[in-house]
Amino acid sequence: MTVSRRQLYFFLACVAPAGKLILLPARLAESAKNDLLLPAAIHLALQAAAVFCALLLCERGETLHDMLAATFGRVAAKIFLTVFSVFLAYAAFLPLLEEKLFVQSVYYDTLPSITSFAPFFLFAAYLAAKPIRALGRVWDILGIVAAIGYAGILILSAGSADYAALAPAGGSGMGILLGVLRTWGWFFDAALLLPLAGHIEAKKGTAWRGALFYLVGSAAVLLFLAVFYGIFQETATNQLFAIAATSKYFSGVSMLGRVDYAFVFLLGLVVLFLSALPVQGCVECLLQAYGREHHLPAFLSVGISAVLLALVLVCDFRFGDVMSVISGTLFWIFPLFSVLVPALCLALRRSHA
Amino acid sequence: MTVFSAPAPRAGAVFPFGVPHKFRPPPHTPCMKTVTGNLEKDVSALKKLLPAEDIPTFSFLSGGGLPFTAVYADAVTDKELLGEQVIEPLLGYGNDPDPAHVARRISSPEARLKRSLPELAEEVLEGNPVLLWEGGKEGLAVGTKQVFSRAVAEPSTDVVIKGPREGFVEDVKINSSLVRRRFKTGELRIDTVTVGRRSKTVVCVCYLEGTSVQSTVDGIKEKLGRIDIDYVPDSSYLTHFLAERPHSLVKQIGTTEKPDIFCAKIAEGRVGLLVDGSPIALTAPYLLIEDFQSSEDYFVPAYRATFTRLLRLFALLVAIYFPAFYISAQLFKLQLFPVKLLLTIAGSIRDIPFSPSIEMLLVLLVLEVLNEASIRMPKYVGMALSVVGALVLGETAVSAGFVSTPAIIIIAFSGIGLYAVPNLIEVTSVLRLAMLLVAGSVGTFGILLLSGFCLFYLVTCENFGVPLVAPFSPLVGRDLRDSLVKFNLRSLPLRPRTLKSPNRRRLK
């Protein structure tokens, strides 16, 4: 069982964009206002290039560990994979906090206790304990689910938007640059692909097709951002959970209730898997580095999930501070690992094995 | 437990379901014994192996004065046939003790000469009387087994308006004849395997040579060969041994009671199993989508079949999720209800003493009890049960203020929806309960999480190398033509790619 090219394209075009529809739109609107499409487009273009590099590496059909070991030796490979797994655990933190806030705000009328979110870590541990290549099969289904959810929300909300609010473009000046800097934490898709190297069906042409599909998904994100800002305009900054907010002005809501939540729940399901993906990547990197003896996958997945749960518990009411550290002081970590590393990895030699 | 293959009947004797004794050690026999030719000693030795009171002997002399003794199992031997085909012809026989001559004299098409007494004992136990005679160095087992079986009738679990109405019965011979009648080709292989140390249950492995995947056939035979159980009362016992995840909540082996479905599945490249004593045939590899398909879908226009399949899926989703979402909306997210409906619900639950989840669980429990009781209850009491269930428990419980009307409506709808896909009822009823529990404790997020768990679990399930959720995951575009949607028969020229049949084309 390997991740087929179709499954990979489903992930890049449908699944990966879903993670950018929750907090990111409000965050972009906060910095770039009506120019929120520009920083998003810059990020997406950079990620498309990084995805291209990562998939070029995957075309070789070898694991990251094998390629690193062939070039730098086993010890260096172990060190790199350990560091990379730490990055993935760090990268997992923001989606987890985002998911927690999303769950607490959208799925409940009143603020529930953190224990209601805790079962997610069981889910993440379960997923991470399974072979990462099993993900391909889920993407087959999640791709369709995400497309339905996304299309449903857009259909219900596109009519309510005033697209003139996006003009004039480029007026935010430094806000665009600020938008790019503050939202790095949402763009590390290429880094998620690196642990998959060796598990993806290795065929020529995967890289450029993958990048193309990523751009298709990016276009969908940009369309969503346009609709989002067209509806909320200056108040967009306050609409923290964009996918749940965008379609709430649908005229049928007063008659039928929040029917749009059907689509929100579909995307919510996709986001569940997406939030667990960095944890899976982290476990996979460690397994590549240290072997898969006996129950190590299970121990690692449970251990990493437990650590993340503890961190989320600690940071429960400090989301603002965490955000300012991740997207402020430590923002450089994301471009380093999600853009530079995939590009540098192209220099790796093929292993003789 | 032995596995063997019987592709074609031997010349001169037709016994396709005969058990391959020569491969099998006899039960409870410390040492092998053979027929000596001394009638008294041989009968005594055979009776030692078969001391049961219902295994009598019958002695007679041939026309030439040669003493014969027939040993038979009283309850399972057709004595009339024994008289007609064996004893009567031998009354006119001379006194030549040569086994070949004796075997030629009798008029049964199933006659086997055997030297080993334990093997002859097994024949007796299977209902085939054994003939011993003075000077004979072999015993003669004659196939005059008495078969008690109900008539072939439409199975109550799979009723159709259009299409064949035959259903399997408990006798494996009749069942395999129903299969053989539908495939008039030598490619149909019916291999026999016996399972069960004491029951020696005959299992027929049916497949089309060149169409089914040989590794699947071998895998099934190997798994059957490894079963070491004393008694196999029904085919469902075998599913535990054939499944790759025996403790799985989801079934992994297909089941059907209808020969037309069974044969259609074999024609697609699957392998079928007929188990003696069970009217439920098994098929492998199993795809989850199979249970959303009915045989009738193939006898009605494609658009109608598509509609009914989608309806089944909708009914199933409603059955599983509707009670759970109602509870989670009521407890955690009232926004999900439109205002007017919310007011109606608020009015109906105002005086209910229980929390919504407890209330729903109670109603669900009552439904499950009623369901269980109605299946086991004698038919005469059924009407009374309906009255008690509908009026006393339903109407009175609402008017007494124990449960609310929406709860009863939702559970009733869910209960009906579950039966839209009857083959999955064991799984879906448990899933509905699990969804209800997480909805009551964690809310909508719990429902999504559990759905995520189930989704990931399902996509990782495989049996005989075929993914359970195919053709959706992995997505096989062409196979989607006969999945939840159904294309016209002309648009289905190929067998499902998922099943990896070596012979892909079925329509030219």
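Predicted model: local features only at pLDDT ≥ 70, side-chain atom pairs only at ≥ 80, totals over all residues.
Helix α8 (residues 259-268) of chain B lies across β7, β8, β9 and β10 of chain B, running at about 50 degrees to β7(B), where helices (H or I, at least four residues) and strands (E, at least two) are DSSP runs numbered from the N terminus, and where axes are lines fitted to C-alpha atoms, for helices over the stretch in contact, with angles from 0 to 180 degrees between N-to-C directions. Residues are numbered from 1 along each chain as its sequence is written, while chains are lettered from A and ligands numbered from 1 in the order in which they are written.

The open sheet of chain B consists of five strands in the order β6-β7-β9-β10-β8, with antiparallel pairing, two strands being paired if DSSP finds at least two bridges between them. Its edge strands are β6 and β8 (254-256), each of which pairs on one side only, and neighbouring strands are turned by 25 degrees against each other on average, direction ignored. Helix α6 (residues 214-226) of chain B also packs on this sheet, touching β6, β7, β9 and β10 of chain B, and its direction makes about 170 degrees with that of β7(B); contact here requires that the C-beta atoms of two residues, placed from the backbone, lie within 7 Å.

Strand β7 (residues 201-208) of chain B is largely enclosed by the rest of the structure, because eight of its eight residues are buried, a residue being buried if 20 or more other C-beta atoms lie within 10 Å of its own, exposed if 12 or fewer, and partly exposed in between, with C-beta atoms placed from the backbone. In a regular strand the side chains alternate between the two faces of the sheet. Accordingly, T201(B), V203(B), V205(B) and Y207(B) point one way from β7(B), whereas V202(B), C204(B), C206(B) and L208(B) point the other way.

On one side, β7(B) is joined by eight bridges to the antiparallel strand β6 (residues 188-195) of chain B, and D191(B) stands opposite V205(B). These two strands form a hairpin with five residues between them, and G196(B) in the turn has a positive phi of about 105 degrees. Strand β9 (residues 271-275) of chain B pairs with β7(B) in the antiparallel sense over four bridges, V275(B) being the bridge partner of V203(B).
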